Amino acid sequence: MLKLLRKALKVGEATVEYPFKPVEVAPGFRGKPVYDFSRCIACGACATACPPNAITMDWDLERGVKSWNINYGRCIFCGRCDEVCPTGAIVLSAEFELAAARKEDLYCRAELKLCKCISCGAYFAPCRELEYVLASLRQAGLLEGGHEGWKQLLKVCPECRRRQAASATGALGRPGRMPGGRQ
Amino acid sequence: MPNEMKPGQDGKKSVEALRSKFGAAILAEAWQTPDQVTLTVELSSLPEIVEEAYYRQGGWLSSVVGNDERGLNGHFAVYYVLSIEKERVPDKNFWLTVKALVPSHKPEFPSVTPRVPAAVWYEREVRDMFGLEPVGLPDARRLVLPDDWPDNLYPLRKDAMDYRFRPDPVAEEENYKFIEVEGEGIVEVPLGPLHITSDEPGHFRLYVDGEYIVDADYRLFYVHRGIEKLAENRLDYDQVTFLAERICGICGYTHSVAYASAVETANGIEVPPRAQYIRTILLEVERMHSHLLNLGLAAHLVGFDAGFMHFFRVREKAMQMAEILTGGRKTYGMNLIGGVRRDILKEERDQVLRLIAEIRVELDELLDLLLNTTNFISRTQGVGRLDPGVARDFSPVGPNMRGSGYARDTRADHPYGAYDRVPWDVISRDGCDVLSRELVRAAELYESLKIIERCLAEMPPGPVLVEGFAYKPYSFALGYTEAPRGENVHWVMTGNNQQVYRWRARASTYNNWPSLRYMFRGNTVSDAPLIVASIDPCYSCTERVTVVDVRKKKARTIEYKELERYCQERKNSPLKS
């Protein structure tokens with residue numbers, strides 16, 4: 001008993017003053033994912049990787065938008081989105097106080113414009129994603145001398161491209177199958 | 001189909017012994033790794049072969065997997081997974097899986113339970129989930145499915161249902177048949193609704209003669225989440241590592257590692273050594289916080305609440321370690337197939353080493369305090385005896401097993417991660433009681449500290465994750481870890497569309513429940529919470545206890561809080577009224 005008392009006196013107060021004083025977290029803490037709209041290209045990599053479906057992407061081909069949605073109520077703070085994002089548009093923060101009085105406060109939504117196919121006129125891909133691809137091609141030196149075709153090609157939707165490729169190979173008299181393409 | 005591997009020497013000898021005895025009944029032999037073999041046997045010989053392996057080859061039942069393989073070979077299949085630990089020399093141990101195909105037009109198989117009691121829960125589960133009838137199984141009750149679940153709807157059959165489907169309830173009330181105790185007879189017990197308030201739900205029924213427990217029955221799975229079905233339907237291989245971590249709120253990371261290593265083994269993926277060290281370190285960090293929690297709860301249940309507080313204070317240091325190393329206090333989220341996601345840097349290593357030094361000093365003092373509390377020893381010694389004979393029949397695992405004289409520890413018996421590269425000792429005690437189990441945990445804390453220190457000092461440089469491998473459809477293998485509560489065994493069969501075809505996760509406590517009944521017998525009601533806590537069933541699980549007095553033919557339901565109070569104070573028995 002005396003030992004216990006001595007121990008208690010030695011330890012002193014173990015309780016921290018949170019929430020009246022902030023709690024420090026470790027530098028690599030995995031807290032609330034923070035979204036940066038200006039960097040997002042709506043590629044959907046985060047939505048594909050997200051294990052609990054906290055991040056989802058919806059297409060609205062009528063209005064020409066692809067929307068990015070997160071439900072913080074489903075988030076497990078694994079940070080897969082952070083890991084797979086090609087542009088650093090979503091980064092885990094140190095914030096952990098996510099309690100909200102209303103469910104809607106846990107949702108975050110962003111809408112990104114889609115581009116139209118120059119061949120059929122239908123919306124088919126986020127404009128920023130196409131810009132990103134172009135920029136990557138430019139950096140790889142694939143947009144100079146003789147490669148301008150890429151630029152045109154990117155403005156055509158996969159459906160039309162497939163049709164064009166099929167008729168091109170059809171003209172050669174062979175069954176249409178894109179080289180390396182998936183059946 | 002599974003890789004053909006060269007068999008290990010000792011495994012080969014055991015298989016030869018089985019072949020010489022059962023000859024033509026063994027139809028096929030496939031080695032997934034040098035220490036994992038799957039024998040396909042005649043359905044009618046299944047019980048004999050499992051019995052032979054269990055009792056005469058030094059086997060322990062580690063899992064049973066049901067599988068709907070109608071789309072692959074036209075049959076259902078059952079796999080009995082045995083850990084063969086014949087000579088207790090790790091090099092000679094191996095995993096023997098006995099597989100039998102069950103015809104889809106006649107979905108029944110001979111029950112193994114009459115020969116090997118350890119199979120009882122597994123076979124009840126296979127019947128619930130796949131509708132395969134274990135002929136001769138003495139216990140005809142459901143195990144996992146609730147009473148209001150329709151007959152003839154078997155959730156894990158591939159063609160049964162969408163994973164989101166919730167059938168309409170077919171029963172208004174619980175109609176589970178608890179066991180009946182012979183002797184003075186028994187009365188029907190009205191069951192109240194279950195309150196899933198704090199902790200986890202479970203329904204316990206104790207049969208008492210005065211203050212003494214004559215027998216016990218219990219029902220669990222009130223919070224079965226259908227995780228296996230979810231993984232088969234919606235997640236890819238990497239995503240399941242995060243779901244697996246959520247199987248348990250205390251020792252989740254160990255499930256994530258077991259799952260990941262099952263997939264890696266099935267596909268021949270080599271995890272870089274550094275990643276294996278990191279996994280080992282985190283598994284031990286998890287064991288520390290878990291054991292400290294359990295020791296704290298044991299102190300709490302004997303009424304030593306100051307001790308409880310101190311254990312939790314020290315436990316906080318283990319939580320800090322996890323936060324430093326993974327960015328999360330409880331869910332580490334560190335695994336992907338092929339390794340881990342985050343390296344350990346020098347600064348993090350130094351912080352962890354400092355914390356280890358602090359914990360070691362604190363532990364010495366705290367354990368000295370706890371063990372010199374007379375109340376603690378008198379309340380735990382000789383209480384909740386797990387008889388070694390009962391243990392042999394039911395294959396319990398973890399500190400529960402090691403407190404009864406069996407030095408079974410997956411880390412040593414089937415080394416994985418870096419456990420065979422750093423020195424440490426398997427802890428066991430032979431008191432068979434609550435005290436022994438707690439002493440095992442206490443001593444294991446020091447081993448954990450040792451393992452973490454050595455791993456941090458000796459981990460090799462290099463990558464922590466491999467990528468660029470391909471998954472092989474329909475290959476399967478086992479993954480296993482020693483969780484704080486004992487051996488976890490995961491069995492994974494890959495599918496053909498980046499999803500598991502079948503994932504069977506068997507948590508350690510699953511193997512500890514069936515023998516708990518025997519541990520209750522002969523003890524007083526006031527010791528019941530202590531006995532349950534001593535198997536460390538992620539604690540809780542005893543929300544409501546029904547006590548049936550076999551002499552007065554009277555049944556009463558006691559709130560768990562009341563029973564807990566009685567356990568601490570041992571005054572004013574709730575049974576007297």
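In the predicted model, 23 residues of domain 1 of chain B are in contact with 25 residues of domain 2 of chain B. On the domain 1 side, at least two residues each come from strand 1 (26–33), strand 3 (59–69), strand 4 (75–84) and helix 4 (120–130) of chain B. Strand 3 of chain B gives the most to this side, with six residues. By class, the residues of domain 1 of chain B that touch domain 2 of chain B are 14 nonpolar, eight polar and one charged. Domain 1 of chain B covers residues 11–159, and domain 2 of chain B covers residues 227–535. The centres of the two domains, taken over C-alpha atoms, are separated by 26 Å.

Helix 15 of chain B packs against helix 8 of chain B and against helix 10 of chain B. For helix 8 (residues 273–301) and helix 15 (residues 434–458) of chain B, the axes come within 9 Å and cross at roughly 155 degrees. Helix 8 of chain B is therefore roughly antiparallel to helix 15 of chain B, the angle being over 145 degrees. The crossing of these two helices is left-handed. Helix 8 of chain B contributes residues including B:Tyr277, B:Ile281, B:Val285, B:Met288, B:His291 and B:Leu295 to the contact. From helix 15 of chain B, the contacting residues include B:Glu438, B:Arg441, B:Leu445, B:Ser448, B:Ile452 and B:Cys455. The residues of this contact divide into twelve nonpolar, four polar and five charged.

Helix 10 and helix 15 of chain B pack at an angle of about 160 degrees, with their axes 11 Å apart. Helix 10 of chain B is therefore also roughly antiparallel to helix 15 of chain B. This crossing, too, is left-handed. The helix 10 side of the contact consists of B:Arg349, B:Val352, B:Leu353, B:Ile356, B:Ile359, B:Arg360, B:Leu363 and B:Leu367. The helix 15 side consists of B:Ala442, B:Leu445, B:Leu449, B:Ile452, B:Glu453 and B:Leu456. Eleven residues of the contact between helix 10 and helix 15 of chain B are nonpolar, none is polar and three are charged.

An open sheet of three strands in chain B has the order 12-13-14, with antiparallel pairing. Strand 12 (476–483) and strand 14 (500–506) of chain B are the edge strands, each pairing on one side only. Neighbouring strands of the sheet are turned against each other by 15 degrees on average, direction ignored. Strand 12 of chain B pairs with strand 13 (residues 486–494) of chain B over eight bridges, in the antiparallel sense. B:Leu478 stands opposite B:Trp491 in strand 13 of chain B. Helix 16 (residues 508–520) of chain B packs on the sheet and touches strand 12, strand 13 and strand 14 of chain B. The direction of helix 16 of chain B makes about 125 degrees with that of strand 13 of chain B.

Between the chains, 16 residues of chain B are in contact with 16 residues of chain A. Helix 6 (237–244), helix 9 (305–326) and helix 10 (346–371) of chain B each supply at least two residues of the chain B side. Helix 9 of chain B gives the most, with five residues. The residues of chain B that touch chain A are six nonpolar, six polar and four charged.

Notes: Residues numbered from 1 in each chain as written. Chains lettered and ligands numbered in written order. Predicted model: local features only at pLDDT ≥ 70, side-chain atom pairs only at ≥ 80, totals over all residues. Contact = placed C-beta atoms within 7 Å. Helix = DSSP H or I, 4+ residues; strand = E, 2+ residues; numbered from the N terminus. Nonpolar A, V, L, I, M, F, W, Y, C, P; charged D, E, K, R; others polar. Axes fitted to C-alpha atoms, helices over the stretch in contact; angles between N-to-C directions. Parallel < 35°, antiparallel > 145°, perpendicular 65-115°, else oblique. Left-handed = near helix turned anticlockwise from the far one by under 90°. Domains from an automatic or database assignment. Pairing = 2+ DSSP bridges.
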